[in-house]
Amino acid sequence: MARQFDTVGVVGLGTMGAGIVEVFARNGLAVVAVEVDDAARERGRATVVASTDRAIARGKLSARDRDALLDRISFEVGLDGLAGADLVVEAVPEHLDLKQRIFADLDRICKPSAILATNTSSLSVTEISVATGRPNQVLGIHFFNPAPIMRLVEVVRSVVTAPDVVADVEALCARLGKTDVTITDRAGFIANALLFGYLNHAVSMYESHYATREDIDAAMKLGCGLPMGPLALMDLIGLDTAYEILDTMYRRGGRDRRHAPVPLIKQMVTAGLLGRKSGRGFYTYEKAGSPVVVPDDETPGATDPAAADGARAIAKVGVVGSGTMATGIVEVFAKSGYEVVSVTRGDEKSAQMRETMTASLTKAVVRGKLAEADRDAALARVTWTSAIEHLADVDLVVEAVVEELSVKKALFANLDEICKPGVVLATTTSSLPVIECAVASNRAADVVGLHFFNPAPIMPLVEVVRTIRTSPEAVATARAVCASLGKTAVVCADRSGFIVNALLFPYLNDAVKMLEASYSTADDIDYAMKLGCGYPMGPFELLDVVGLDVALSIQRELYLELREPGFAPAPLLEHLVTAGYLGRKTGRGFRDHTSR
Ligand SMILES: NC(=O)c1ccc[n+]([C@@H]2O[C@H](COP(=O)([O-])OP(=O)(O)OC[C@H]3O[C@@H](n4cnc5c(N)ncnc54)[C@H](O)[C@@H]3O)[C@@H](O)[C@H]2O)c1
């Protein structure tokens with residue numbers, strides 16, 4: 001018969017524990033909430049109270065329900081009050097010896113039928129379980145941060161966890177309104193194994209001044225639709241906890257260098273910069289525990305940086321190319337009031353582009369998003385030509401031709417002969433070195449990358465890539481132009497994948513490797529990232545949309561440039577591409593789309 005869970009215990013009321021207490025109490029369970037001393041207990045209580053107050057303010061909880069919820073919680077010091085609990089969830093800091101000590105104590109104190117669970121993110125549940133005399137009643141219940149909000153729970157069974165214990169905990173998760181995925185005991189389980197390499201990589205970008213913290217975070221939010229950027233997420237997780245998770249994953253997960261914590265993390269932890277909980281991490285917060293970011297030394301100035309850095313005036317823009325990106329970019333500029341010269345390889349291509357752009361703008365008119373007169377004005381601003389000489393009087397050229405270096409280099413050499421001095425020359429390449437185009441142009445100081453995302457009229461992000469030769473004025477011009485298009489520009493150095501692809505594709509590749517290792521299914525991995533981390537799509541959904549061939553070629557570039565063994569493309573990805581399973585565009589990728 002299934003177990004009844006009436007009273008549960010939670011040990012440790014920090015970032016996770018306080019949220020877990022709230023989840024249980026909200027769902028009608030009596031909770032014994034335990035801390036190490038009076039001060040920590042009161043901090044834990046204050047966290048739960050503040051969180052329920054916020055729920056009231058948002059209209060998600062009534063004052064009466066809040067009072068009933070708080071009445072169900074008994075805040076205590078020491079483990080003795082847990083003797084009657086049916087289930088205990090431990091959420092103390094990520095140290096194996098501490099957790100083992102607590103589990104040995106819990107084993108002594110709790111009734112024989114009680115299930116003992118750890119919220120560990122990376123430690124071995126099996127190693128924790130053997131500190132007790134009941135390893136078959138020990139498992140991992142891994143909640144996500146913030147526990148009251150995130151829907152996912154990873155249920156981790158060790159080789160000795162009894163099946164009925166797993167089944168009863170799965171049923172409890174459903175009662176809590178959570179979706180669970182049940183998996184075996186491996187470092188990082190699903191979500192953290194895919195998340196932490198990415199977070200660590202983002203910190204290394206920040207540490208090496210590759211881009212600012214604001215730009216790294218904005219890039220991932222706007223480029224991938226993530227709920228928060230990686231550095232803000234590190235602050236939410238807590239840098240001390242993140243350090244321990246990375247360190248354990250490095251040691252347990254095959255010493256993948258991508259999990260070796262970036263030195264800056266340790267330095268920040270040592271200096272007491274633990275993230276939100278201490279009031280300062282990558283960002284500065286109003287006070288300890290507050291989610292409100294306040295300006296600090298690194299906050300970009302309130303004055304327009306573009307104006308200060310001598311941005312050049314741009315009125316007329318040339319766009320070279322006739323593909324999806326070029327067409328979208330012509331539309332974006334024309335709609336924003338720029339005069340545009342669209343250069344293609346022939347009249348037929350120009351006619352096609354004009355037709356596509358007209359259709360796109362007409363759709364906006366039908367949807368009531370654009371006035372008919374504005375559509376006509378935008379179309380009238382474009383000169384369609386196959387003669388590159390027409391770029392002689394433009395102020396900015398955006399190149400969006402085929403992704404082949406020889407073609408781009410020849411074009412940039414040509415632009416040098418045609419364009420007037422002082423013109424900013426931009427390439428939209430997503431994988432080639434911008435410096436190659438810069439050198440070919442003979443005007444390296446004026447060359448930037450302008451990496452638009454597809455579809456350009458919709459995606460709000462542009463990566464502005466500065467090479468080691470790009471002048472500050474060219475960067476300022478690019479930023480000002482992006483702002484005038486209503487886009488957010490993030491500036492980064494000229495390295496393979498820029499910000500977004502360099503952080504996104506290794507994560508996707510890792511998901512493929514996880515599937516290949518049969519650790520979990522594509523569905524569960526997709527769930528884990530959507531419900532545990534708030535991603536708009538799971539990795540396999542996204543790979544099928546992006547195209548497996550595209551993902552493979554970006555991953556190859558990253559691997560070739562950085563020579564990082566962990567970046568080697570997953571063999572399964574290569575095989576699927578070879579088999580012609582490229583994703584939605586061929587009807588089949590990780591999933592079969594023909595019958596849907
Ligand atoms: N932070 C996250 O985003 C996150 C997400 C999921 C899981 N986890 C995991 O949850 C666990 C807790 O992490 P956290 O971020 O909440 O840590 P935290 O540092 O915010 O909180 C830990 C709490 O445990 C208390 N504690 C320490 N020793 C204790 C003892 N002997 N008895 C009772 N309480 C004790 C501390 O006083 C502190 O309040 C870790 O295993 C972590 O890996 C963290």
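**Helix packing, cavities and local backbone features**

Helix 9 (residues 230-237) packs against helix 10 (residues 239-252) at an angle of about 100°, and their axes lie 6 Å apart. Helix 9 is therefore roughly perpendicular to helix 10, a label for angles of 65 to 115 degrees, with under 35 being roughly parallel, over 145 roughly antiparallel and the rest oblique. The axes are lines fitted to C-alpha atoms, for helices over the stretch in contact, and the angles run from 0 to 180 degrees between N-to-C directions. Helices (H or I, at least four residues) and strands (E, at least two) are DSSP runs numbered from the N terminus. The model is a predicted one, in which local features need pLDDT of at least 70 and side-chain atom pairs count only at pLDDT 80 or more, while totals for chains, interfaces and linings use all residues. Residues are numbered from 1 along each chain as its sequence is written, and side-chain values use heavy atoms, with hydrogens and water left out.

At the meeting of these two helices, M234, D235 and I237 of helix 9 touch L239, T241 and A242 of helix 10, contact being heavy atoms within 4.5 Å. The residues of this contact comprise four nonpolar, one polar and one charged. Here Ala, Val, Leu, Ile, Met, Phe, Trp, Tyr, Cys and Pro count as nonpolar, Asp, Glu, Lys and Arg as charged, and the others, Gly among them, as polar.

Rolling a probe the size of a water molecule over the atoms shows where empty space is left. The structure holds two cavities of 30 Å³ or more. A cavity is a set of points, on a 1 Å grid over the protein atoms alone, where a 1.4 Å probe fits but cannot get out, and lining residues have an atom within 4 Å of a point. Grid points are joined across faces, edges and corners, and a volume is the space filled by probe spheres set on the points.

The largest cavity has a volume of about 40 Å³. Its lining is made up of H201, M205, Y210, R495, S496, F498, A502, E561 and L562. Helix 7 (191-207) and helix 22 (548-562) are the elements that give two or more residues to this lining. Sorted by class, the lining of the largest cavity has five nonpolar, two polar and two charged residues.

The second largest cavity, with a volume of about 30 Å³, is lined by Y198, M220, L226, L503, L504, Y507 and Y535. Helix 19 (residues 500-516) supplies the largest share of this lining, three residues. The lining of the second largest cavity has seven nonpolar, no polar and no charged residues.

R495 sits in the loop between strand 18 (488-493) and helix 19. With a relative accessibility of 34%, R495 counts as partly exposed, on a scale where buried means under 20% relative accessible area, exposed over 50% and partly exposed in between (1.4 Å probe, protein chains only). Leaving aside neighbours within four places in sequence, R495 is in contact with S208, Y210 and E561. Although R495 and L562 are 67 residues apart along the chain, their C-alpha atoms are separated by 9.3 Å. F498 lies in the loop between strand 18 and helix 19 and counts as buried, at 2% relative accessibility.

Most residues other than glycine have a negative phi, and most peptide bonds are trans. F498, though not a glycine, has a positive phi of about 45°. R563 is not a glycine either, and has a positive phi of about 55°. R563 lies in the loop between helix 22 and helix 23 (571-578) and is exposed, at 59% relative accessibility. Cis peptide bonds occur from N145 to P146, with omega near -5°, and from N454 to P455, with omega near -5°. P146 belongs to the loop between strand 6 (138-143) and strand 7 (152-157), whereas P455 is in the loop between strand 16 (447-452) and strand 17 (461-466).

Helix 21 (residues 539-546) has P539, F540, L542, L543 and D544 buried. The cover over these residues includes helix 19, helix 20 (522-533) and helix 22. G547, with a positive phi near 105°, follows helix 21.

Key: On a 1 Å grid over the protein atoms alone, a cavity is a set of points where a 1.4 Å probe fits but cannot get out, and a pocket is an open set with protein on both sides within 12 Å along at least five of seven lines; lining residues have an atom within 4 Å of a point.
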